[in-house]
Amino acid sequence: MTTRVTTIELGDPLPTIPLPPGATGLLALLRRGGRPVGLVWLRDVAGEVRPAQLRAAIAAQAPAGQADPAPPVAPAAEEPLSIVVCTHERPDDLERCLEALAPLAARGHELIVVDNAPRGARTAEVAARFPARYLREPRPGLDHARNLGLRAATRPIVAYTDDDAVPDPCWAAALQAPFGDPAVGCVTGLVLPLELETPAQEQFEVYCAHRRDFQARVLAAPATPPAAGGVAGMGANMAFRRELLLRLGGFDPRLDGGRATRSGGDTDMFARVLEAGARIVYTPDALVWHRHRRTDAELRSCIYGYGVGLYSFLTKRLVEGRDAQALVIGARWLVGPVVKGLWRRLRGRAAVPASLLLLELAGAFEGPLAYARESWAARSGGGL
């Protein structure tokens, strides 16, 4: 059972879309004038999807899921970015990512690959085939790698994407544009599935459905409390003013992949950006395609890790920041997915399996302990 992922330009006649053998669904990104405005997901189809089926699906979801794109914000100057890709033993994913980024390097953007705790030479061999600076960070931890990329960057804006993501051609320009406003310290963007070829990938996409937002928005404290920084975006698609990140001490190496906390480094940085008084802009025009976890074991580990990381971050906010909002946000995020799942089931829509919600809940209970273990281990170290 697979779902074909494709793109439809609403300004063109709707096409007939053939499905590969065995495919039972179609997930289509809707674009208007090239800009993302919505999604349609047709299930229980086979062979091909005809224009009439597409038209009906688009009409059915338009009020809830289709947005009129806001006018694009012109950047203050066409200034190239430093683009950092942190990777750990995923050379095939990295090669696909760098193939998408190579045209940006040709246009003057700086491309940096940070190999985190490498066990072999394959990552270096892949990076050597592209116009990228290759760096090794021997200390395990995604935030150690992010910080090394930050220190090595030479441009005022530093963008991050994951090795298992494929940035859209307009990604860098869309990330850069909002920085024309000096009050903006961070920009995030849309993350969509690169493929839906396994049940685990489809389940993860259902899990992420509430993050598929096609309306641009600006976040600032106090309207968005720092403890709610997770609503700003995802680590696979984010950019910051380099000076601001350095002033904030870089990413917290106690958090995220490769550490006991398993995730949360991006959320923590979003919170600190808001706390510093800077704005965060989310724009769906900055799009990356993400390869979701393919196996059930990978999916379960990922969802559990999200729970661990989120509540590690909230524990940090409570313990170190004396932020009482962390208690409110923590309680809301425990209850919210269950309520949303029940609502989707009542409306006949695909809902996150209860087993995944329970996994995330179990991870939430480990979060404070993981934060405590990493804090104890880091007492003799520094931020960057």
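## A parallel pair and its crossover

Val113 is a handy place to start in this predicted model: its bridge partner in strand E8 is Tyr134. The two residues belong to a parallel pairing between strand E7, residues 110-116, and strand E8, residues 133-137, with five bridges in total. To get from E7 to E8, the chain goes through helix H3, residues 122-127, and this β-α-β crossover is right-handed.

If pairing is new to you, here's the background: strands of a sheet pair through backbone hydrogen bonds, either parallel or antiparallel.

## The three-stranded sheet

Next up is an open sheet of three strands, ordered E1-E3-E4, with mixed pairing. Strand E1 (2-9) and strand E4 (35-43) sit at the edges, each pairing on one side only. Ignoring direction, neighbouring strands in this sheet are turned by 20° against each other on average.

Zoom in on strand E3, residues 23-32, and you'll find it running antiparallel to E4, with eight bridges joining the two. One of the residues to look for is Arg32, whose bridge partner in E4 is Arg35. Helix H6, residues 199-207, packs on the sheet, where it touches E1 and E4, and the direction of H6 makes about 125° with that of E4.

## From H6 to H9

For H6 and helix H9 (residues 296-321), the angle is about 25° and the axes are 9 Å apart. Angles under 35 degrees count as roughly parallel, so H6 is roughly parallel to H9. The crossing of H6 past H9 is right-handed.

Which residues of H6 meet H9? They are Ala200, Gln203, Phe204 and Tyr207, and on the H9 side they meet Asp296, Leu299, Cys302, Ile303 and Tyr306. Sorted by class, this contact between H6 and H9 has seven nonpolar residues, one polar and one charged.

H9 passes H11 in a right-handed crossing. What does the contact of H9 with H11 look like by class? It has 14 nonpolar, seven polar and five charged residues.

Helix H8 (residues 265-275) is another partner of H9: the two pack at an angle of about 35°, and their axes are 9 Å apart. From H8, Thr267, Asp268, Ala271, Arg272 and Glu275 take part, meeting Phe313, Lys316 and Arg317 in H9. By class, the contact of H8 with H9 has five charged residues, two nonpolar and one polar.

You'll find Pro222 in the loop between strand E12 (217-219) and strand E13 (237-241).

The other spot is Asp256, which has a positive phi of about 85° although it is not a glycine. Where is Asp256 found? Look in the loop between helix H7 (242-247) and H8.

Definitions and conventions: Residues are numbered from 1 along each chain as its sequence is written. This is a predicted model: local features need pLDDT of at least 70, side-chain atom pairs count only at pLDDT 80 or more; totals for chains, interfaces and linings use all residues. Side-chain values use heavy atoms; hydrogens and water are left out. Two strands pair if DSSP finds at least two bridges between them. Helices (H or I, at least four residues) and strands (E, at least two) are DSSP runs, numbered from the N terminus. A crossover is right-handed if, with the strands pointing away from the viewer, the path from the first strand over the helix to the second runs clockwise. Axes are lines fitted to C-alpha atoms, for helices over the stretch in contact, and angles run from 0 to 180 degrees between N-to-C directions. Contact means heavy atoms within 4.5 Å. Angles under 35 degrees count as roughly parallel, over 145 as roughly antiparallel, 65 to 115 as roughly perpendicular and the rest as oblique. A crossing is left-handed if the near helix is turned anticlockwise from the far one by less than a right angle, and right-handed if clockwise. Ala, Val, Leu, Ile, Met, Phe, Trp, Tyr, Cys and Pro count as nonpolar, Asp, Glu, Lys and Arg as charged, and the others, Gly among them, as polar.
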